[in-house]
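Subject: Structure handover

Hello,

Here is the structure for your files. Please look it over before reading the notes below it.

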Amino acid sequence: PTGHLAGVSIDEIATDGSYGWSPQGDSGILIVDLTDPSLPRRVGRVFTYGHAKHIALAGDRLLVADSRIGLISYRLIIPPLPFWQSELNGFTGVTRVCAESSTRFYAIQTGVSFPVVVDPLGRLSLGDQFGYRGSFSAAMRYQDWIYIADTTGIWRAGGSAQIADSFFVRLTSGGVFAAVLSQDKLFTAEGFSGAVIYRINDEGYPEILSRIRAETFTGGIAIGHDTLMVLDSLSGFQVYDITNPFAPKWLGGRATDTPARVAAVFRNYLYLSESQLGVSVWNWKHVAKPEMLGTLPATSTTDALLIDGDRLYVADRDSGLAIFSLAAPSNPVLIGRIPYPFSPTALHRSGRLLYVGQSSGGIAAVDVEDLSSLAVLAQVDSPDGVTGLSKFGERLWVTTQWAVHVVDVGPPLVPGDFNADDAVDVFDITAMISYCFSGGEPPFRPNTADVNADGQSNLFDIVLMIDYIFSGGSDLAAGRVE
């Protein structure tokens, strides 16, 4: 060696030939003058928020992995002193940082490589990569986009995309533990950051409208008519009026004996799952003083609640699938059940089928038309326990703790085949008229009745079908009603 720097331990260094920058743990970043290789010397130090672990240099851009903040972007405007420009908060646990160019770096975390993009203003964002870094909680669809929520943020892909890393873009960095999409509004539970209300803009990006502060840890949400229920791990539930989503108004709430897991809303009633206590029924008409009316049987460890029409579906991993009638919402009546070892953890209703994810892995399709003889029509294996289900067209998106899977759930859709007899004829028209105007039976597959793909089943679809069958009108579209 031609030179030596004593009194310092250097495990990693980035250099431009004249200077070097080395991460030094809780001592920040050490700056070394290398202009005279025979006599390297320390010229300064930059202190970081946490432990400076790894570093990469490209051009005048210096990227540092910080154990507390995440990734920090510096610019060497006046070498060798780094000038702070931005942070990518929450992206911690990085084991290596390397540079492709001054605008694109790669960070390796838990064995997965993530592109990090630097814009002209020095702001950091994750590139087009989708790999496991957290626990997945939900898959949702808005227009032609698919949104995935997990404990690392919200990701988006086109609705027609295959399930592959390169199709996803990360839009937010906060951990999401529950999410509900209602029209263009996205409601999320984000742990210590509270509950957040987003609006999906015309480009498909979520814009924050407001944030509700967490009492301790916000882990769940439920949506009623202009009402948001926020579930807090220690403080029970809180009720907010979201008529104005920019300024949610607190209405009232109650503490619960144990942490609330999931909830569902029906009219003025709240159905709330509490750890080991089962599903409790609350009358929140007078929200300042919600009243607990009782608990439901066979609901000791409930992971999912689904209300469809006047039915409440309860996924209880210890007791099985339970279906209750909400004809008297203050006193739900058990009307159907598939007991343990059927161990459901996620639910999605589509027509007469209920898709059920299970704790042991696998997805079952249950015919819930005749509750006197609930029948499992099909079973598909999955490698992990299922945390969420959403059906888009003919594909079922399945979230597990470790991954997101896509399952083909049936033969090609026949638009207009309302009664599922593999033909489009006058019988489908009469069935649609009965459904739309006389409270008739719903279609076996809901999107078969949305033949103009506007997201609704109504008179316009009936007119198009009449024209198609009797006058050779334009082809019918595959609908978006789910």
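Predicted model: local features only at pLDDT ≥ 70, side-chain atom pairs only at ≥ 80, totals over all residues.

Residues are numbered from 1 along each chain as its sequence is written, and side-chain values use heavy atoms, with hydrogens and water left out.

Helices (H or I, at least four residues) and strands (E, at least two) are DSSP runs numbered from the N terminus. Two strands count as paired if DSSP finds at least two bridges between them. Axes are lines fitted to C-alpha atoms, for helices over the stretch in contact, and angles run from 0 to 180 degrees between N-to-C directions.

Strand 25 is joined to strand 26 (residues 269-274) by five bridges in the antiparallel sense, and Ala264 has Tyr271 in strand 26 as its bridge partner.

Another open sheet of four strands runs in the order 29-30-31-32, again with antiparallel pairing. Strand 29 (302-308) and strand 32 (333-339) are at the edges with a single partner strand each, so one side of each has no neighbour in the sheet. The twist here averages 15° from one strand to the next. Strand 30 (residues 311-316) and strand 31 (residues 320-325) run antiparallel and are joined by six bridges; the partner of Leu312 in strand 31 is Phe324.

Helix pair

The axes of helix 1 (residues 426-437) and helix 2 (residues 459-471) come within 10 Å and cross at roughly 170°. That makes the two helices roughly antiparallel (the label applies to angles over 145 degrees; under 35 is roughly parallel, 65 to 115 roughly perpendicular and the rest oblique). Contact, meaning heavy atoms within 4.5 Å, involves residues including Ile429, Met432 and Ile433 of helix 1 and Ile462, Met465 and Ile466 of helix 2. The contact residues divide into 12 nonpolar, no polar and two charged. Here Ala, Val, Leu, Ile, Met, Phe, Trp, Tyr, Cys and Pro count as nonpolar, Asp, Glu, Lys and Arg as charged, and the others, Gly among them, as polar.

Cavity

A search of the whole structure finds one cavity of 30 Å³ or more, and the volume of the largest cavity is about 30 Å³. A cavity is a set of points on a 1 Å grid over the protein atoms alone where a 1.4 Å probe fits but cannot get out, and lining residues have an atom within 4 Å of a point. Grid points are joined across faces, edges and corners, and a volume is the space filled by probe spheres set on the points. The lining consists of Ile212, Arg213, Glu215, Val230, Asp232, Gln238 and Tyr240: three nonpolar, one polar and three charged. Strand 22 (227-232) and strand 23 (236-241) each supply at least two of the lining residues.

Backbone details

The peptide bond from Tyr340 to Pro341 is cis, with omega near 20°. Pro341 lies in the loop between strand 32 and strand 33 (344-350). Gln183, although not a glycine, has a positive phi of about 55°; Gln183 sits in the loop between strand 17 (178-182) and strand 18 (185-189).

Regards

Notes:
1 Å grid on protein atoms, 1.4 Å probe; cavity = no way out; pocket = protein on both sides within 12 Å on 5 of 7 lines; lining within 4 Å.
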